[in-house]
Amino acid sequence: MTRSEFDDIRAFLADPATHAGDLLRIARTLIDDLEQARVREAVLRTHYLRLLTAARTTVAADMVGAPDPLAFLTRELAERGQLPEDEDAVQQILSDARTAEALLACMQEGQQQQQPPVVRMRGMRLRRCVGAHRTLPR
């Protein structure tokens, strides 16, 4: 849920014209959203743990001189459809990795430098919904 959606809900709850039935509908919607988020988180955690286990097993197999240490990681990536399909995909993946590495280095360098404080504008805040999935009853 975006920040804008939270702001819209807060404004709706603060509105004296809001009826109890509307509040109940919002509560049910938020509970459904929360449950879906928990399921997504559980699935992502499972994928992450499987990938982490495959990576650690690959490193351990390499350390003991196993004949095909990448087998664990290759199998896990193949099950997710994440293996590169051709030379172009291989080059794109390597390029993305180099770019990500360079971006991380820039970010770390930027964090080490002293940044001036951000000045926030005071006054009326513009409200806008970006990618809102739902509308609130009025």
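Me: Helices here are DSSP runs of H or I with at least four residues, and strands are runs of E with at least two, both numbered from the N terminus. How many helices and strands does the protein chain have?
Reply: This is a predicted model, in which local features need pLDDT of at least 70 and side-chain atom pairs pLDDT 80 or more, while totals for chains, interfaces and linings use all residues. Residues are numbered from 1 along each chain as its sequence is written, and side-chain values use heavy atoms, without hydrogens or water. The elements run α-α-α-α from the N terminus on, and the count is four helices and zero strands.

Me: How are α1 and α2 oriented to each other?
Reply: The axes (lines fitted to C-alpha atoms over the stretch in contact, with angles from 0 to 180 degrees between N-to-C directions) of α1, residues 3–14, and α2, residues 20–63, come within 11 Å and cross at roughly 155°. Because angles under 35 degrees count as roughly parallel, over 145 as roughly antiparallel, 65 to 115 as roughly perpendicular and the rest as oblique, α1 is, relative to α2, roughly antiparallel.

Me: Which residues of α2 meet α1?
Reply: By class, this contact (heavy atoms within 4.5 Å) has six nonpolar, no polar and one charged residues. From α1 come I9, F12 and L13, and they meet, in α2, D22, L23, I26 and L30.

Me: Which residues of α3 make the contact with α2?
Reply: The axes of α2 and α3, residues 71–79, come within 7 Å and cross at roughly 155°, and the two helices are therefore roughly antiparallel. On the α2 side the contact is made by R50, L51, A54, A55, T57, T58 and A61, and on the α3 side by F72, L73, E76, L77 and E79.

Me: What percentage of the residues in the protein chain is buried?
Reply: The chain exposes about 12100 Å² (Shrake-Rupley method, 1.4 Å probe), of which carbon and sulfur atoms supply 59%. Among contacts with a separation of 6 or more, residues 24 or more positions apart account for 56%. Of the 138 residues, the buried share (under 20% relative accessible area) is 9%.

Terms used: Ala, Val, Leu, Ile, Met, Phe, Trp, Tyr, Cys and Pro count as nonpolar, Asp, Glu, Lys and Arg as charged, and the others, Gly among them, as polar. Buried means under 20% relative accessible area, exposed over 50%, partly exposed in between (1.4 Å probe, protein chains only).
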